[in-house]
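Biologist: Please show me the model, and then I will ask about its parts.

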Amino acid sequence: MRTRSAASFSDEYKVKRTMLRQANDTILLVEDGEAEVLLIQQAVASCPDKLHLAVARDATEALAWLTDTVERGYAMPRLILLDLKLPKLAGLAVLRTLRMEARLQDVPIVVFSELHDPADVVLSYQIGANSFVKKPVNLVEFTRLLNELADLGWLSGKGLQHAHPQSISG
């Protein structure tokens, strides 16, 4: 069995990330669940717009991806989908960090969770989420979520410039 070195994997990861961010056509998904990642990849692939999905498995990866984006002068993602329950650093802490970044002020952030705890919903909005939804559990629900986000104009590349924060079904 052949194994890759950490440096090789890291270089390959950077190349893939670079290829995804040539324009404002990327959705950043912060999600540690493999099944959810696969479902959202399929949903994004079915979108009429040519969108790309960048996946961060935890807060550290998400913040590193965004830091790299800033350092390279790439456009911010069109949308950030943020799982509330993440390893290493809770989703609410990630949300707070994201909202402190001036370059992300017009980027919609949708927080999702399997549980719809009212306290989490309120805190998410107070910290700066643009929407809080129950985590979709199948391809139809993920596709519906993306269609609703598109209807809000959040996948158009214009961010929040012409949209109003609101909840969407999920």
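This is a predicted model: local features need pLDDT of at least 70, side-chain atom pairs count only at pLDDT 80 or more; totals for chains, interfaces and linings use all residues.

The questions below go from the whole chain to single residues.

Biologist: How many contacts beyond four places in sequence does the model have for residues 1–22?

Modeller: A contact means heavy atoms within 4.5 Å. Over residues 1–22 the pLDDT stays under 50, and the number of such contacts is 20. Residues 162–170 also have a pLDDT below 50; beyond near neighbours in sequence, their contacts in the model number 23.

Biologist: In what order do the elements of the protein chain run?

Modeller: Helices (H or I, at least four residues) and strands (E, at least two) are DSSP runs, numbered from the N terminus. The protein chain has six helices and five strands. From the N terminus on, the order is α-β-α-β-α-β-α-β-α-β-α.

Biologist: Which residue in E2 is the bridge partner of threonine 26?

Modeller: Two strands pair if DSSP finds at least two bridges between them. Strand E1 (residues 26–30) and E2 run parallel and are joined by five bridges. In E2 (residues 52–56), four of the five residues are buried, where buried means under 20% relative accessible area, exposed over 50% and partly exposed in between (1.4 Å probe, protein chains only). The partner of threonine 26 is histidine 52.

Biologist: What arc do the buried residues of H6 cover?

Modeller: The buried residues of H6 are Phe142, Leu145, Leu146, Glu148 and Leu149. They lie on the same side of H6, because the arc around the axis, taken from the directions to the C-beta atoms, is only 160°.

Biologist: Which elements do those buried residues of H6 pack against?

Modeller: The face of H6 turned away from the buried side carries the exposed residues Val140 and Asp151. The buried residues pack against E1, helix H2 (34–45), E3, strand E4 (109–113) and strand E5 (131–134).

Biologist: Is aspartate 83 buried or exposed?

Modeller: Aspartate 83 is placed in strand E3 (residues 79–83). Its relative accessibility is 3%, so aspartate 83 counts as buried.

Biologist: At what distance does a polar contact join the side chains of aspartate 83 and lysine 135?

Modeller: A polar contact is a pair of N or O atoms within 3.5 Å; within protein, one must be able to donate a hydrogen and the other to accept it, and residues adjacent in sequence count only if both atoms are side-chain atoms. The side chain of aspartate 83 reaches the backbone nitrogen of lysine 85 at 3.4 Å. For the side chains of aspartate 83 and lysine 135 the distance is 3.3 Å.

How values were computed:
Residues are numbered from 1 along each chain as its sequence is written. Side-chain values use heavy atoms; hydrogens and water are left out. pLDDT is the predictor's confidence in each residue, from 0 to 100.
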